[in-house]
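This report covers selected local features of one model.

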Amino acid sequence: PEWNELPGNVELELPGGFRIGDAVVAEIDHAFGSNFVNIGDKGEVVGLSDIYRDTHISLQFPKFEQPVSLLCTEVSLEPKSYRIGDVVIRTDDMANGSHGAPASAKGVVVGVTPSIFFSAATLSCKFPDRGKVDVSASDVQREEAYDSDKNPMRRCAANRWGITGEQLDSLGQVVAARFTGEDSNPNVYELVRKWIAPKCRALHVSYALLLNAGGVVCDTFISHAWGESVLQFIADIKDNCPDFQNRVLWTCFAANPQTWPHGNLKSFLGMAPTQSPFSKAIDNCDEFLVVRNTNKNMYLRLWCLAELAFVSSKKSATAVKVVGSMPEGAETVGGRLKNRAECSDPEDKSLLTQIINDAEGLEALITKVAEARPGDVMGLGSQQC
């Protein structure tokens, strides 16, 4: 077995990827009758919630006699707690018999023994070429999962970050069943925050790779804006794609890892938009599906314009299909939209604006797509109309 192969009984069974016995820290203030959990309070995971078993976990805090239930996103692992499967880097250079691991050696935790007499736990770690070594928890630091070479996102090509039409349809059924009352009919921002991120947080992968270990090759790139209704988004695709169930779809909210810190995600996705997963996925897809919506004009978003620029520069044939409807009275003139479009990241804005301005014929393409009837198809590359 490889040095970083884990025991077969290591499972992520609780919402958010937590395990029974995990030491956690509260991320919110929450009232339970006359008692409160406050931000920073430390507790222990003791099991599933008795009520909300898909989203909540049961926690024991010292100030409470009985366990309490919190949403899995409302707590985080205690920074200096370790568990089986963590990748760690040794920070000292003290030998451990003849099998000591030197400073900077990378290992994986295969056992944790809490210490009664010392402040730090003892970790059994496997290091390359060193076998199993017992080290003090104070002599290692955790390598964050999103930086690890073992993270599936780093080992899978961007054009494999897809979900099938069947999986997207199932997601729609989850949304219809679980998002009720004031939470009904969520947009993509709300879906990511309340469903996708909690599901993916423990493994630090995207929703697509959570569903499809190793990924699946995409055939359809979906260009859309997050301000839309999730249910309408899915309905527009299903109603206009007869082979919907068999499609493999690249859509950013499912393809990209949504739980990574902004800096790590930005570094991973690349500083050059032309080398980003968006561009690479477009290059490898046969169809470019534009899903417009009546809530937001998607072409006031720079990334949506950049996606059109990417597909217009492809050398291979690509069918561009337009579904959904624009908001009533929305601007559709490409030149005006280019001048008004925005994005949240100032660095991205500068780079994307340059790409959009350099793209030949983009203004006409923007207008054509914005004014198209639902179901219209146009060809680019060798399929150019």
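Helices (H or I, at least four residues) and strands (E, at least two) are DSSP runs, numbered from the N terminus. The model is predicted, with local features requiring pLDDT of at least 70 and side-chain atom pairs counted only at pLDDT 80 or more, while totals for chains, interfaces and linings use all residues. Residue numbers start from 1 along each chain as its sequence is written, and side-chain values use heavy atoms, leaving out hydrogens and water.

## Two loop residues

Glutamate 342 sits in the loop that joins helix H9 (334-340) to helix H10 (346-358). Its relative accessibility is 38%, so it counts as partly exposed (buried is under 20% relative accessible area, exposed over 50%, partly exposed in between, with a 1.4 Å probe and protein chains only). Apart from neighbours within four places in sequence, glutamate 342 has contacts (heavy atoms within 4.5 Å) with Leu300, Arg301, Leu302 and Lys349. Leucine 302 is 40 residues away in sequence, and its C-alpha lies 5.3 Å from that of glutamate 342.

Lysine 315 belongs to the loop between helix H8 (302-312) and strand E17 (318-323). With a relative accessible area of 83%, lysine 315 is exposed. A C-alpha separation of 8.7 Å divides lysine 315 from aspartate 283, 32 residues apart along the chain.

## The five-stranded sheet

Five strands form an open sheet in the order E11-E10-E9-E8-E12, and the pairing is antiparallel (two strands pair if DSSP finds at least two bridges between them). Strand E11 (131-136) and strand E12 (140-142) are at the edges; each has a single partner strand, so one side of each lacks a neighbour in the sheet. On average, neighbouring strands of this sheet are turned by 45° against each other, direction ignored (axes are lines fitted to C-alpha atoms, for helices over the stretch in contact, and angles run from 0 to 180 degrees between N-to-C directions).

Within the sheet, strand E9 (residues 106-113) pairs with strand E10 (residues 122-127) over five bridges, in the antiparallel sense. Threonine 113 is opposite threonine 122 in E10.

## Helix H2

Buried residues of H2 include Val188, Leu191, Trp195 and Pro198. Among the elements covering the buried residues of H2 are helix H1 (165-178) and helix H4 (230-240).
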